[in-house]
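Hi,

Here is the model I said I would pass on.

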Protein chains: 2
Amino acid sequence: MADIGIGRLAELTGVKIPTIRFYEQNDLVPRPSRTEGGQRRYDQGAVRRLHFIRHARDLGFSVEDIRQLLALSEHPAMSCDAAEAIAHHHLQQVEGKIARLRLIRSELKRMILACGGRSVAQCRILDALSKTPACS
Amino acid sequence: MADIGIGRLAELTGVKIPTIRFYEQNDLVPRPSRTEGGQRRYDQGAVRRLHFIRHARDLGFSVEDIRQLLALSEHPAMSCDAAEAIAHHHLQQVEGKIARLRLIRSELKRMILACGGRSVAQCRILDALSKTPACS
DNA sequence: ATAGAGTCTCTAGCCACTAGAGGTTCAATA
DNA sequence: TATTGAACCTCTAGTGGCTAGAGACTCTAT
């Protein structure tokens, strides 16, 4: 159970080295102990915490959200309403993005279909961009 | 057909004033003429160009894509294959994003459903974040 | 002439990293 | 023990696409 260096931590968690340092800078992970020479040494707790952060980032939570989720997870006796609220809010953001991207997708498809090897002067894509309100 | 100021241009196109200046800085729109006092004056061409940019941005094209689309639209005799390629590539990016967001959405829904007013110690949300690989 | 709305430039900030320079330390081998 | 080379350190600056604010100047209508 020896402590590990930042490179190994990166390997274990899938978080890149500069990103780990960035998280430390931004107080998402605590400052680890250091060797005599000043290099970071991490324990199992750091691995767990970084895994948590990585999963949350994969799900698109903001760093600020994650900060709050981490804070919550340090108070096991509390109700998890707050965590649910954060997750719920994020879900709504995601739904919004999906809806918007779907509109964009259909508009793009329409444009591309309408355009079949014409010259730029008659190009439906460039035409659509200059004239229609697209999807707003 | 008098020339207009930047504020009116912003109104007409829905692009905010600082954003117009930003586009000028980044060579998306040409430098306009100026009054004696140094204020920008725009003509109808600027209105059209900015409309084009706005629509393309609404569809999520990058500034770099737009630069190329604008360049293409200045050569009316060319084939519009290049425009189609840009649009097609962008469509693929959009499809990718939608797919990814859908995975995230279902994962979030699963987490939220599983979590019903428990304490943090048993919270399915925090639990899921620390343990499962989520959606990668 | 004056008031007030509009505009100017410049700098810095947002988010979540990423890249690079230039130097130091660690661990494994000879 | 000396040496090598991989790993690590700090610091600054850049990414994209804006947005905000400070402090000064200009335009237009009365």
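Below is what I found, starting with conventions and confidence.

This is a predicted model, in which local features need pLDDT of at least 70 and side-chain atom pairs count only at pLDDT 80 or more, while totals for chains, interfaces and linings use all residues. Residues are numbered from 1 along each chain as its sequence is written, and chains are lettered from A and ligands numbered from 1 in the order in which they are written.

**Confidence**

Chain A has a mean pLDDT of 89, with 90% of its residues at 70 or more (pLDDT is the predictor's confidence in each residue, from 0 to 100). Helices here are DSSP runs of H or I with at least four residues, strands are E runs of at least two, and both are numbered from the N terminus. Where pLDDT is low, the predicted coordinates should not be read in detail.

DNA strand C is surrounded by 21 residues, and the closest are G37(A), S62(A), G5(B), G7(B) and R40(B). A residue is near a strand if its C-beta atom, placed from the backbone, lies within 6 Å of it. Helices α2 (17-25) and α4 (63-73) of chain A and α1 (6-13) of chain B each give at least two residues to that surface. By class it has four nonpolar, 10 polar and seven charged residues (Ala, Val, Leu, Ile, Met, Phe, Trp, Tyr, Cys and Pro count as nonpolar, Asp, Glu, Lys and Arg as charged, and the others, Gly among them, as polar).

For DNA strand D there are 21 surrounding residues, with G5(A), G7(A), R40(A), T35(B) and G37(B) the closest. Here α1 (6-13) of chain A and α2 (17-25) and α4 of chain B each supply at least two residues. The surface near DNA strand D divides into four nonpolar, 10 polar and seven charged residues.

**Chain A against chain B**

Each chain puts residues into the contact: 51 from chain A and 51 from chain B (in contact means C-beta atoms, placed from the backbone, within 7 Å). On the chain A side, α5(A) brings the largest share, 20 residues. That side has 28 nonpolar, 12 polar and 11 charged residues.

**Helix packing**

In chain B, α4 (residues 63-73) and α5 (residues 81-114) pack at about 155°, with axes 10 Å apart. Axes are lines fitted to C-alpha atoms, for helices over the stretch in contact, and angles run from 0 to 180 degrees between N-to-C directions. The angle therefore makes α4(B) roughly antiparallel to α5(B) (under 35 degrees is roughly parallel, over 145 roughly antiparallel, 65 to 115 roughly perpendicular, the rest oblique). D65(B), Q68(B), L69(B) and L72(B) of α4(B) meet A82(B), A83(B), I86(B) and H90(B) of α5(B).

In chain A, the axes of α1(A) and α3(A) come within 10 Å and cross at roughly 45°, so α1(A) is oblique to α3(A). L9(A), L12(A) and T13(A) of α1(A) make this contact with A46(A), V47(A), L50(A), H51(A) and R54(A) of α3(A).

Cheers

Conventions:
Contact = placed C-beta atoms within 7 Å.
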